[in-house]
Amino acid sequence: MYLSDFDLKQLESRNLAKLPVAEKNRLLEKMLGDLIEARERLAANSSTSSRPPSSDPPWSGPHGDAEAEETATQGAKAKEDEMPLAENGPSAPPDAPAMVACPDGKPPGVGPKKKPGRQPGAHGHSRMLTLPVTGTIPHAPTHCAVCDRALDGDAFKANTGLYVLELVAGDGPGLRALAVRHDKHLYGESTCACGHVTRTEPGRCPDEPMWKVGLSEWSLVGPFLTSFIVCLSLRMRLSRRNIQEFLQDWLGVYLSTSTINRCIHEAGRAVEPLEGQLVDEVRQASLAYADETSWKEWGKLLWLWVVSTATVSLYLIGYRSAELITNALGEDFAGWLMTDGYKVYRQFHKRLRCWAHLLRKAKGLRESLTGEARLFGEHSHALLTELMDAVYQAREGPPTSLAGRYRDRLEEFRLMCELHRDCRHEKTRALAREFLNDWEAVWIVLAHPYLPLTNNEAERALRHWVILRRITHGTRTEQGSRALALLISVIETCRKRKHLPWPYLAQVIAERRKGNPAPAMLAAT
Ligand SMILES: [Zn+2]
């Protein structure tokens with residue numbers, strides 16, 4: 001028989017003292033049983049209970065877990081059944097482990113078990129073109145490179161051909177009437193009357209530090225199709241394999257998953273120069289919301305940060321450090337910054353604290369089994385709710401400050417927090433300290449009631465990507481993380497400014513592939 005919450009609420013220490021020893025022992029035994037079971041339940045995860053793996057916190061590494069063991073056993077069984085395994089190919093010994101060390105030299109077992117992409121010895125997929133060629137596009141030089149005379153198209157001799165799959169949109173709003181083109185692009189040379197030979201070749205962006213993926217017109221996938229793939233991956237949250245299936249089934253386009261992956265990374269590289277523009281605009285904002293959520297990169301724990309303003313959503317993936325947020329906002333960010341209680345934000349002077357977090361914690365304490373915690377929770381909750389209403393009311397009228405009206409009430413509450421600073425109840429102590437640590441940031445909104453009370457804006461900006469993380473288990477490489485953060489910054493910023501991101505992204509890719517600068521982002525409409 002469990003001790004219910006109702007029972008626990010009545011078990012104050014002074015009542016217990018009155019119990020005879022025998023009864024006390026019986027109660028102790030019962031409580032010990034309860035405690036052990038509660039602990040075990042708390043320690044349960046997907047590998048020790050029937051909970052789904054998605055219920056595990058993202059920072060918990062792979063648990064040499066039941067699922068993995070099961071797969072391994074099945075693999076071994078398959079080997080016995082149908083030796084030799086086709087996947088291992090002729091070069092691999094039949095007992096070669098299915099597991100391969102990951103590319104950056106981390107031991108296997110850290111992160112996913114299998115290296116992504118084609119496994120050693122597996123059959124490769126070369127370009128499987130199923131589409132007929134739609135047209136031929138000659139890229140003849142128009143002018144002589146030396147004397148600048150106009151060149152006759154008839155003098156053009158093609159020497160390089162390049163097949164490009166591209167998506168074209170019909171007329172009308174949105175992306176209606178999508179069709180796939182499969183064009184042969186011809187590059188070559190023309191001889192001028194002056195004798196000089198002028199040559200054309202596909203454009204190419206010079207090497208840029210940090211990027212291993214190329215950025216050039218030497219690509220099977222055109223800019224618009226690349227943009228479409230980014231949409232399927234990031235907005236529609238499809239895996240590389242699902243994108244492959246979708247393109248094949250609906251557009252008759254076959255691309256390998258590694259080509260799809262390359263397209264996403266290339267798009268990320270293409271938009272990198274826009275990040276500076278976004279950072280500049282964020283730094284000039286009068287109000288920004290910041291938040292962070294955990295992110296995994298091949299088993300490594302990182303954080304996905306967002307800084308959101310009226311016109312920009314800037315995302316970054318990196319460590320949970322003060323340096324990262326300072327790099328984004330600059331040393332002397334002069335606007336208001338709405339955040340949660342995380343301490344790296346304390347360096348910013350005009351900081352706002354999210355009341356929704358505090359309210360939730362107060363509400364939690366209100367339902368505590370400890371009397372002292374219940375009282376503190378009740379009091380904090382009532383105060384926050386009352387002040388929240390006062391702020392909403394003040395917004396209706398002319399600009400005003402509520403600071404004077406509530407000075408005494410706050411002073412009283414501050415004493416109460418001081419009293420609970422070292423409370424024995426952990427969560428009460430934590431909330432009291434949270435109020436004290438961020439005292440100014442929490443109540444500053446009373447002096448400026450037009451400022452926001454919650455960080456919902458930033459939390460909303462992260463929600464879609466939290467679901468993406470759950471589906472994909474994060475990114476696999478540094479380049480993948482960088483590409484993701486850059487792309488979602490551009491996509492979300494376009495959305496915020498009421499522009500369709502996809503044609504713009506295609507335009508940026510097209511220009512950058514030629515080695516040109518990225519067209520600037522449009523201002524909000
Ligand atoms: Zn010439």
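## Zinc site

In this predicted model, C147 is partly exposed, with a relative accessible area of 31%. C192 counts as buried, at 7% relative accessibility. Both cysteines are donors of the zinc ion, together with C144 and C194. The four SG atoms lie 2.2 to 2.4 Å from the metal.

The angles among the 4 donor atoms run from 98 to 119°, and the site is tetrahedral. The spacing of the donor residues along the chain is C-x2-C-x44-C-x1-C. C147 sits in the loop between strand 1 (135-139) and strand 2 (157-168), and C192 in the loop between strand 3 (179-191) and strand 4 (197-199), so this pair ties together parts 45 residues apart in sequence.

## Aromatic pairs

The model has 12 aromatic pairs. One of them joins F228 and F246: the ring centres are 6.3 Å apart and the planes are at 40°, so the pair is tilted. F228 is buried at 17% relative accessible area, whereas F246 is partly exposed at 28%.

F413 and F435 form an edge-to-face pair, 4.9 Å centre to centre with 90° between the planes. F413 lies in helix 12 (residues 407-420) and F435 in helix 13 (residues 426-437), so the contact ties together parts 22 residues apart in sequence. Both residues, F413 and F435, are buried.

## Charges over rings

R320 is placed over the face of Y342, at 3.7 Å from the ring centre. K350 lies over the face of W336, at 5.0 Å from the ring centre.

Conventions: Residues numbered from 1 in each chain as written. Predicted model: local features only at pLDDT ≥ 70, side-chain atom pairs only at ≥ 80, totals over all residues. Heavy atoms only, no water. Donors = N, O, S within 2.8 Å, 3.2 Å for Na, K, Ca; no water. Tetrahedral: all angles 85-135°; square planar, octahedral: opposite > 155°, others 65-115°. Helix = DSSP H or I, 4+ residues; strand = E, 2+ residues; numbered from the N terminus. Buried < 20%, exposed > 50% of the residue type's maximum accessible area, 1.4 Å probe, protein only. Phe/Tyr/Trp six-rings, centres within 6.5 Å; stacked < 30°, edge-to-face > 60°. Lys NZ or Arg CZ within 6 Å of the ring centre and 35° of its normal.
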